[in-house]
Amino acid sequence: MSNSTNLSHGRHTLAIPGPSVMPERVLQAMHRPAPNIYTGELVDMTYSLIPDLRAVARTNGQVAMYIGNGHAAWEASLANVLSEGDKVLVPGAAQFSLGWAETARKRGLVVEQLDFGRRAPIDPQAVEDALRADADHKIKAVLVVQTDTASSGRSDLPAIRAAMDAAGHPALMMVDSIACLGCDDMQMDAWGIDVMVTGCQKGLMVPPGMCFIFFNDKAQAARQNKERVSGYWDWHPRANPEMYYHMSCGTAPTHHLYGLRVALDMIVHEEGLSNVLSRHETLARAVWAACDAWGEGGSLELNMNDPAARSHAVTSVRIGAPYGTDLRNWLTEQAGVTLGIGLGMATADDPASDGFFRIGHMGHVNTHMLLGTLGSIDAGLKALGIPHGEGALAAAASVCAGQ
Ligand SMILES: *Cc1c(COP(=O)(O)O)cnc(C)c1O
């Protein structure tokens with residue numbers, strides 16, 4: 001009897017690295033009739049989002065909003081400051097660095113990629129060397145992914161900025177913080193970031209559908225120097241609207257805006273950004289503690305060895321084939337938790353690709369939810385007979401208890 005009892009019936013948990021868990025209040029705020037998009041409440045409310053978005057990014061720079069996902073943010077950022085034939089440096093070769101690089105190539109940009117593998121963070125010295133080698137300043141921008149959601153590696157952005165400064169190179173520093181704004185620390189102005197892109201569906205806790213570009217004066221000067229920017233991607237009217245519809249280049253994403261208003265209330269005005277960041281840090285450390293304990297008696301290990309190079313938004317785990325896929329399937333079917341797949345660790349036709357999973361812990365996640373996910377993983381390891389060390393839950397609970 002007990003072997004066949006299915007315990008998945010209950011509220012399903014999606015623990016993949018985006019879309020993230022959304023607060024009920026965000027969903028409820030979106031459940032309403034369509035508002036007037038010409039005057040009134042929606043218009044005022046939309047302008048009120050700008051200071052709070054800036055607060056989350058820690059910038060006094062400008063922000064442009066778009067209807068679109070993270071890929072749209074990639075495209076939009078490049079469209080405003082780079083022209084066909086320009087060269088960009090992309091340090092990193094995990095999945096999302098490859099993705100931004102590919103977007104650049106398809107726009108006719110020339111990409112120089114630095115490959116640190118799938119388990120190591122960006123080496124700032126290699127960035128400095130590549131920029132020093134570019135004596136005639138062909139490289140116009142350095143595209144850095146802050147948290148690569150595939151590796152769960154987190155880039156040391158101040159160190160990369162320092163490397164760019166040490167090389168005395170004028171390239172723009174452009175950062176993809178799509179995975180981790182509101183989870184990992186971001187100090188756009190203090191860290192000298194010229195362009196920062198993010199989406200709404202991860203740390204910002206809103207359904208997929210909006211993205212944001214933050215930019216400073218140096219980036220705006222690069223935008224001004226371009227002969228033309230396509231009307232839809234142009235960030236200038238979006239950030240400096242003469243009419244409300246300029247902000248979205250057409251119909252506003254009405255319901256997303258209501259959801260975002262509540263999400264920013266919760267992050268900036270209720271819990272507070274520094275508490276949000278430390279909650280994510282503690283929950284991430286709980287995940288790492290559990291993984292370390294499991295790894296004591298089996299093949300499970302964290303993809304990123306150095307804790308300083310690990311994101312607080314997502315954790316990428318190696319467990320060996322076929323255990324990763326088996327575990328994910330068991331958790332969805334038997335426990336009501338869905339984990340993320342491994343991304344870009346092996347090609348789909350390579351059996352080794354069944355040896356990975358990822359835990360998303362971004363957004364509206366607390367102790368009880370995270371320990372539920374970790375406890376379910378522990379049950380799955382046992383049910384499937386996958387070798388593992390004991391004590392993972394106790395270790396994670398101690399971290400959540402502040403010990
Ligand atoms: C999710 C993600 C993207 C892509 O976002 P989409 O909404 O899927 O287009 C890009 N970069 C990073 C780091 C991400 O985590």
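In these legends, Ala, Val, Leu, Ile, Met, Phe, Trp, Tyr, Cys and Pro count as nonpolar, Asp, Glu, Lys and Arg as charged, and the others, Gly among them, as polar. The model is predicted, with pLDDT of at least 70 needed for local features and 80 or more for side-chain atom pairs, while totals for chains, interfaces and linings use all residues. Residues are numbered from 1 along each chain as its sequence is written, and side-chain values use heavy atoms, leaving out hydrogens and water.

**View 1. The shell around the ligand.** The ligand is surrounded by 13 residues (a heavy atom within 4 Å), and the closest are His-71, Thr-149, Asp-176, Gln-201 and Lys-202. Five residues of this shell are nonpolar, six polar and two charged. Helix 3 (residues 70-81; a DSSP run of H or I, at least four residues) contributes the most, with three residues.

View 2. Polar contacts are pairs of N or O atoms within 3.5 Å. One oxygen atom of the ligand lies 2.5 Å from a side-chain N or O atom of His-71, and a backbone N or O atom of Gly-70 is 2.9 Å from an oxygen atom of the ligand. A nitrogen atom of the ligand is 2.7 Å from a polar side-chain atom of Asp-176. Of the 380 Å² of accessible area that the ligand has on its own, the protein covers 89% (Shrake-Rupley method, 1.4 Å probe).

**View 3. The surroundings of His-256.** His-256 belongs to helix 9 (residues 254-271). This residue counts as buried because its relative accessibility is 17% (buried means under 20%, with a 1.4 Å probe and protein chains only). A polar side-chain atom of His-256 lies 3.0 Å from the backbone oxygen of Pro-208.

Technical notes. Polar contact = N/O pair within 3.5 Å; in protein donor to acceptor, adjacent residues only side chain to side chain. Helix = DSSP H or I, 4+ residues; strand = E, 2+ residues; numbered from the N terminus. Buried < 20%, exposed > 50% of the residue type's maximum accessible area, 1.4 Å probe, protein only.
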